[in-house]
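I opened the model to look up a few things about its packing, its contacts and its domains. My entries follow in the order in which I made them.

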Amino acid sequence: MIAADRVVSTTCPYCGVGCNLELHIKDDYIYKVTSPFDGVVNHGNLCVKGRFGYDFIYNKDRVTTPLIRKEAQAPGTRSQAFDHDQWREVSWDEALDYTASRLVEIYQRDGADAMAVYCCAKATNEDNYLLQKLFRALFRTNNIDHCTRLCHAGSVVALQMALGTSAMSNTAAEVIHSDVFLVTGSNTAETHPIIALQMKAAVEKHGAKLIVVDPRRVEMVNWAALWLPEKPGTDVPLFSAMAHVIVKERLYNRDFIDRRTEGFDDFCKSIEPFTPEYAEAISGVERNLIVQAARMYATAKNAAIYWALGIPEHSHGTDNAMSLIHLALLTGHIGRQGTGLNPLRGQNNVQGASDSGAMPWHYPGYQRVDDEASGRKFEQAWNIEPGGLNRRLGLTTTEIMSAIAPGGVRALHIMGENPMMSEPNLNHTRHMMEQLEFLSVQDLFINETGAYADVFLPVASWAEKEGTFTNTDRRVQRVRKALEPRGQARADWQIICDLAERIEKKLGRSRSAFWAYQSPDEVLEEMGRIVPEYAGVKYRRIEKQGIQTPVWDDNHPGTPFLFPETFPRGRGKFYDLEYIPSVEMPDEEYPFILTTGRLLEHWHGGTLTRHSKLDDLYPQARIEINPADGARLKIEDGQTVRVSSRRGTVVLRAWLTQRTTVGVVFIPMHFAEAAANLLTIDALDPLAKIPEYKACAVSVVSAGKEELPPSITRGRY
Amino acid sequence: MADITLNIDGVAVIVPAGTTILKAAEKLGRTVPTICYHDHCTANGLCRICVVEVEGVKPLLPACLSRVSEGMKVSTAGTRVERSRRTILEMLVSAVDLSEAPEIQNFLNQYHADRMRFPDADRRDAQVLDDNPMYIRDYAKCILCWRCVQVCADDAQFTYAINFKGRGFDTGIGTFFDKPMPETTCVFCGQCVGVCPTGALKPKREALLEQGISLEGILQATMGGKKRRRNTP
């Protein structure tokens, strides 16, 4: 029996639930993970990733020495280097000086618009705050974004337009206080497993009724009173038809509408065409189911809506989210316990990275960069001459990638993200990456993106640094250093500050924006001085238990649910919506709709989980095909198939399963050897700029076993 | 809810109706030993180590399950209670490997249990089951507290991968048809590992470290073929 040398409390690095972890350590080895049963977020429960998925930190492929490419890379011929002998091990001084001088050279030659950075929703609030500060204060650019663009951008834009906010309105654990809750575009049991447990308990033990709206027969359907199996991309007609029923049957909350909303009368007219019959014709969901769902939601005492990326990841993702917001505004199911509009955030710190200003249009705290007063405020905070900060909106993730060209973006710095797996239409992304003049990367492993870099800066993992994550229900929680960084790896915030000082010196700036932080809590204090919602978030207040933003001052207790009295924009606003089909609809050549997503055992581009024993549980990519489609195509379970779209082809094994509906196929996004995003379309939502990951047209044909790509070991360094 | 006044070990205490004797005693600062009971799980009164004597009630009552009633007089100690607890511990230690159950070891000492009282007892010995990459199952250490089954079911995960099997002394915890874990509905959340009080369920990495295998060795230890994921639903 092992006695732990120490047990360190921290926060899980995987999903947005933000489970509390206790790392049991012996001889600097984490041999066990437990969770305190009195923890407010997860009550002692964990999923396979949280309890067993941390072993990537010990993987022998992890890079622990700064690296510079041996062969100089040039735009147009930039190549990927996975192997050790393509890199030169260097000192931190050399790596950072080299990075600083290349970045400064490009900035001084081509100006602010040539610079861009991807921040990271896996990194801490402090890391993200500092990285956006570096690019804003030193390179005067707003070309700063992170994967929220690829995730909930549509939800954020819709929530901002309708309510003036962008976070989950309630706490996930409140689901047990709902009579009815609607889950859509979320495979909650696999992607937010701990919230799913609370949902299952709400149904099994608290008598709540669950409505699932999803083209896949996700596990939560087993607990549902109603399942509406819509075709991908038909959310607007479906949810507008529910609104139609609520209006026609006068199930709305007149008092709430009068007091808290605007535009109701126009809205009633605009949803006139969205009859259940019309919605049935488009979405394939039987009209009676739509009527029943509308009645169930509207007549509940407390009803909540939870959604994930099936809603925003469309070329009309903002409209999709808006159609959900309308339901809450009609019925008044918001602003109380057990109600609300709850976009389930994917990454452990996507809420925090957004709060910290890793966004092209906003400073920290969603203060707009094109607002003169905000600009002045940040110039003062960062010791910059008046008018020094860039007032123009920056480029989003996908726009940065498309802008890589002479006269456009020349230098890119990436912290922890892997666009070579996560961008849509990867063949295009590959082409754009090759055009970069300079790429520097901070990461743990050389993944598909890091392999393109000129310089690789090895970072401390989440278990090797201090900081904070903000989870999906806005709770700021501590991340603690349990181990010394492996090898020469350094914490992201230290790398950024060191790099910033070198850049500032090379630029010859007379005034320093200040980078001499002794510890991350000083960074959070600085952020709290300029972000009102974080004013009261201090390390000393969250040592035992996290606190939910907004926290307006040192005595404010935090905010479990938002908008009891009013919305940030005043009244909630209804918008006219129309049904816009997905950009690519199935046809004879490409007869299936492909939708993409996550699995329980893996995480996103796989940089972490495919370097973990988790990979043993789900080692290879499989396309989910409905057995009826399989029979029609004469494809057997486990057979090799070739899947093609207008943009690319992958070869992988078929899994005939009822998890997906007829006409719809699903490929998880985690496997580099059969990357789903080679197939996806780079059509964007016009407002949120989020790509349409959840619907594109593909063909499926059987293929020879020999065509199957070998399971590649990633980061072959 | 209405309050109830009762008397525990000669001291009056007022608690809400529906409170268990265990919780009422805790309120008074009296410690009643528990083994199968866990705050996170539904109480089942399986191990009976928490038995107490209630005046006017013939059998000893499990404190974890029994609700208080008005005027109840409870003794949490005494010859009868202690003999009962001691016998339970002596039977447990005669059959089960309790080497990694420090709490039960403490009880054995506290109640002066005779570890050799049942020298002829059959021991529960089972092969260590190492059928998945995440955790091992060593049922020689299992005391059948049922916590793992409960958290796998309605107390947490709603996955129902494991349950009781067998009868009498052969009762054990297992999967349906003794299938290896990767072929069951198991999602490897490890809630079962988190509540196991005796080390019968253990992260595989911890088990390897205990065997003195180096960090490098643990990293290299593989499962011998990658397992396929369950097909659901």
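**Helix 12 of chain A**

I started at the end of helix 12 of chain A, where A:Gly332 follows with a positive phi, near 70 degrees. The model is predicted, and I read the values below as computed from it.

I then checked the length of helix 12 of chain A, which runs over residues 317–331. Its 15 residues reach 22 Å from first C-alpha to last, close to the 21 Å expected at 1.5 Å a residue. Is helix 12 of chain A mostly covered or mostly open? I found it mostly covered, with 15 of 15 residues buried.

**Core**

I looked up the largest nonpolar core, which holds 299 residues. A:Phe181, A:Met242, A:Ile290 and A:Tyr297 touch the most other members. I listed the contacts of A:Tyr297 beyond four places in sequence: A:Val180, A:Leu182, A:Ile211, A:Met242, A:Ala303, A:Leu327 and A:Thr331.

**Chain A against chain B**

I counted 33 residues of chain A and 30 residues of chain B in the contact. On the chain A side, the elements giving two or more residues are strand 3 (29–34), helix 1 (48–52), helix 6 (193–206) and helix 20 (614–617). By class, I have that side as 16 nonpolar, 7 polar and 10 charged residues.

**Domains of chain B**

I noted the domain assignment of chain B: domain 1 (3–77), domain 2 (81–123) and domain 3 (135–220). The C-alpha centres of domain 2 and domain 3 of chain B are 23 Å apart. Each of these two domains gives 8 residues to their contact. On the domain 2 side I found 4 nonpolar, no polar and 4 charged residues.

Terms used:
Residues are numbered from 1 along each chain as its sequence is written. Chains are lettered from A and ligands numbered from 1 in the order in which they are written. This is a predicted model: local features need pLDDT of at least 70, side-chain atom pairs count only at pLDDT 80 or more; totals for chains, interfaces and linings use all residues. A nonpolar core is a set of buried Ala, Val, Leu, Ile, Met, Phe, Trp, Tyr and Cys residues joined through C-beta atoms within 7 Å. A residue is buried if 20 or more other C-beta atoms lie within 10 Å of its own, exposed if 12 or fewer, and partly exposed in between; C-beta atoms are placed from the backbone. Two residues are in contact if their C-beta atoms, placed from the backbone, lie within 7 Å. Domain bounds come from an automatic or database domain assignment. Ala, Val, Leu, Ile, Met, Phe, Trp, Tyr, Cys and Pro count as nonpolar, Asp, Glu, Lys and Arg as charged, and the others, Gly among them, as polar. Helices (H or I, at least four residues) and strands (E, at least two) are DSSP runs, numbered from the N terminus. The expected span of a helix is 1.5 Å times one less than its number of residues.
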